[in-house]
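Thanks for asking me to look this one over.

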Amino acid sequence: MKTIVKYEMEKIKQNKTFIGALFISLFVLAGILYVGFYHAQLYGIDREGVEKYHQIVEKSTGEFNDQRVKKVLTNYIESYQSNDANTKGFDLFSWEIANTFIAEGENVYDQINDAMKQGDKITIDQINLKSIEEIGFTEFQEPLTMGSFVTWKDLYNVTNQLFLLISILSILVCCLVFSSDTSRNMNSLLLSTRLGRKQLTIAKIIAATFISLFIFLFIHGLSLGAFTVYNDGFTGWDTSIQTNFSMELFRFPVELNQLQVFGLAIALQFLSLLAIVAITLYVSATTRSPFSSLLIGLGLFLLPKALTQLIKRGPIYHLLNLFPINNYSVKDFLTLMSAKTEFFLAHFVQNMILTMVVLVAIAIIFNFAVYQRMKQYQEV
Amino acid sequence: MQLELKNVTKSYDDIIALNDVSLCLAPGVYGLLGSNGSGKTTLFRIISGVLKQTTGTVTYNEKDIRANSDEFRSILGFLPQDFSYYPDFTGMKFMLYIAALKGINRNFAKRRCLELLKLVGLDDVKDKKIKKYSGGMKQRLGIAQAMINDPEVLILDEPTVGLDPKERVRFRNLISSFSKNKIVILSTHIVSDIEYIADEILVLNKGVLENRGPSSKLIETIHGYVWETEIENDKLDDMLIVHLISNQKHAGNRTVLRIISKEKPTPDAKQVQPTLEDLYLYYFRMEAGR
């Protein structure tokens, strides 16, 4: 079996379409990482934004309460009105918090600007701040933790984009596996050998899955590497997801920190990938050319997204939300799975488990269908 | 050792590709003669298990090959028509890949593959990519891969396509030395390939097994039907319309014709000894334009 898997992997690796797609994907990957991390909004114009951000985060990290919010905003307002070039500059961290807690919204900047024009200054006490309770942050036994969140929002965005890249690349790998042998007229030869119907099919499934998972791990590995450089390590890992002000998930009902959310996203993407691989392998086993296999594979991948534009309520909508294209985005799965109107069950954890079980079931069912089909394959 | 087909029929909607074929094969070399579309490839695909017959059974040593497909495939060697390959594999790697699919131990497979590549004359190019092989080399590789597992039943669909005369002689010798205690079935359009090595010839015409037997016995069935006559060139067109011509040789303003006909074609025609090629034309006259 090991030997056959090795040959099957070699067949995939030698395929010109795969080599071409891999080459293009490396450029796309570089683009996503560059735009997502190196060219992120946080860098600012003078490229020192990240450094300033971490200095501010360091002062602001800790238990999330009204006093800490007030302290952050006090520093923000002072810095905004300061003439010191070292402290001035766009502070995205505090700006997001101000957007959440300042009751007057954008008007407060007009007030501050007017005061500055008159040589005056506005203090925090002159600004109407909402309380944590007023906004409706979910409360748990332990208080929420505040910390770095902008960089994590960037990581989530990159992770979302990488999932699309990995999925398309994996669909391309898997669509070749069976249909390229069929289009080459290899089946007569392969399926008349002793291991050609059972072990060969299993070996092809293993090879395609292994390569897809390797792509998944490699790309996410690179992404994490780039993130640790960008984020100066894993600072902010323990920040509560509710206090990620960029994502506005204040009422998210489960006590999770940003690292746990990232872990969930990766686990969900991993299982989604297994399902995508299995479905595409089945398509490959039932079509006669890699091109038609690719078109059908991509079509099936994207179809649930298109259908949710047409069907926006009811059990079919709930069913469509189980498919990877509708829940791969971190914010999407966190919001969809915590709402009964969007998913089958009432609780986030239940919906997450249901989704994962469905994805694993899809992977098992379609891989088994591929095995059965090739075991009983008959030429026409 | 016995391969038996009983009332095998294969139909596609209203087209019958094989019609009630029954035959029993003991160890030996069998040449399958048939024109294009006569059902040769369909028959081979059914025996090799990649195509299911509509009705009838195929048994090997009295066991249904479909019910015991794993067992049967382990003693089967098959060279399909239009043999395909992986262009970026070397000849040796392709052989080792097929050996792995046949469940052969890697160390033994390596020795066996080298031995076979040498036998088919590919040992010096074994490390070259197959895409750089000539048509004849690819065909020899196909023949070699079919023999890796030392099969009891060897099926070769058009094995001599693309082989030059020297390679065909090498192929015939290889099959002759290999065929002891084995069932070898091969199809070809090159009648002489079968004539030299086949113990028995199977004549398949429009899906029906029309005749079988040693070539000498089959040739005997058209004894008295083959004639040679010399005509003037201007009468050649008329003769080509009326008679089945197996050969024509020009000599100045006259042409010597070899004619297959139950009746004497011209008053001065002389009976000659028939050959297997004449037999082929006799059975497959439609393909010959008649």
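1. A word on the model first. This is a predicted model, in which local features need pLDDT of at least 70 and side-chain atom pairs count only at pLDDT 80 or more, while totals for chains, interfaces and linings use all residues. Residues are numbered from 1 along each chain as its sequence is written, and chains are lettered from A and ligands numbered from 1 in the order in which they are written.

2. Domains of chain A. Chain A is assigned domain 1 (2–39 + 148–375) and domain 2 (42–143); such bounds come from an automatic or database domain assignment. The C-alpha centres of these two domains of chain A lie 38 Å apart. Their contact takes 18 residues from domain 1 of chain A and 17 residues from domain 2 of chain A, where two residues are in contact if their C-beta atoms, placed from the backbone, lie within 7 Å. On the domain 1 side of that contact in chain A there are six nonpolar, nine polar and three charged residues. Here Ala, Val, Leu, Ile, Met, Phe, Trp, Tyr, Cys and Pro count as nonpolar, Asp, Glu, Lys and Arg as charged, and the others, Gly among them, as polar.

3. An unreviewed UniProt entry lists "transmembrane region" for residues 21–40, 162–180, 201–230, 261–284, 291–311 and 344–370 of chain A; the positions are in the numbering used here, feature names are shortened, and annotations may be inferred rather than shown by experiment. How much of residues 291–311 of chain A is helix? The span is 95% helix and 0% strand, with its end C-alpha atoms 30 Å apart. For residues 344–370 of chain A, the values are 85% helix, 0% strand and 29 Å between the end C-alpha atoms. Helices (H or I, at least four residues) and strands (E, at least two) are DSSP runs, numbered from the N terminus.

4. Six-stranded sheet of chain B. This open sheet has the order E6-E7-E8-E3-E9-E10 in chain B, with mixed pairing; two strands pair if DSSP finds at least two bridges between them. Strand E6 (76–79) and strand E10 (208–213) of chain B are its edges, and the twist averages 15° from one strand to the next. Five bridges link strand E7 (residues 153–157) and strand E8 (residues 183–187) of chain B in the parallel sense, with Val153(B) partnered by Ile183(B) in E8(B).

5. Four-stranded sheet of chain B. The order here is E12-E13-E11-E14 (chain B), in an open sheet with antiparallel pairing. E12(B) and strand E13 (residues 254–260) of chain B run antiparallel and are joined by seven bridges; His250(B) stands opposite Thr255(B) in E13(B).

6. Domains of chain B. The assignment gives domain 1 (3–214) and domain 2 (226–273) of chain B. Their centres, taken over C-alpha atoms, are separated by 38 Å.

7. Where the chains meet. The contact takes 21 residues from chain A and 23 residues from chain B. On the chain A side, helix H1 (2–14) and helix H10 (187–190) of chain A each supply at least two residues, and H1(A) gives the most, with five residues. By class, this side of chain A has eight nonpolar, nine polar and four charged residues.

Methods
Axes fitted to C-alpha atoms, helices over the stretch in contact; angles between N-to-C directions.
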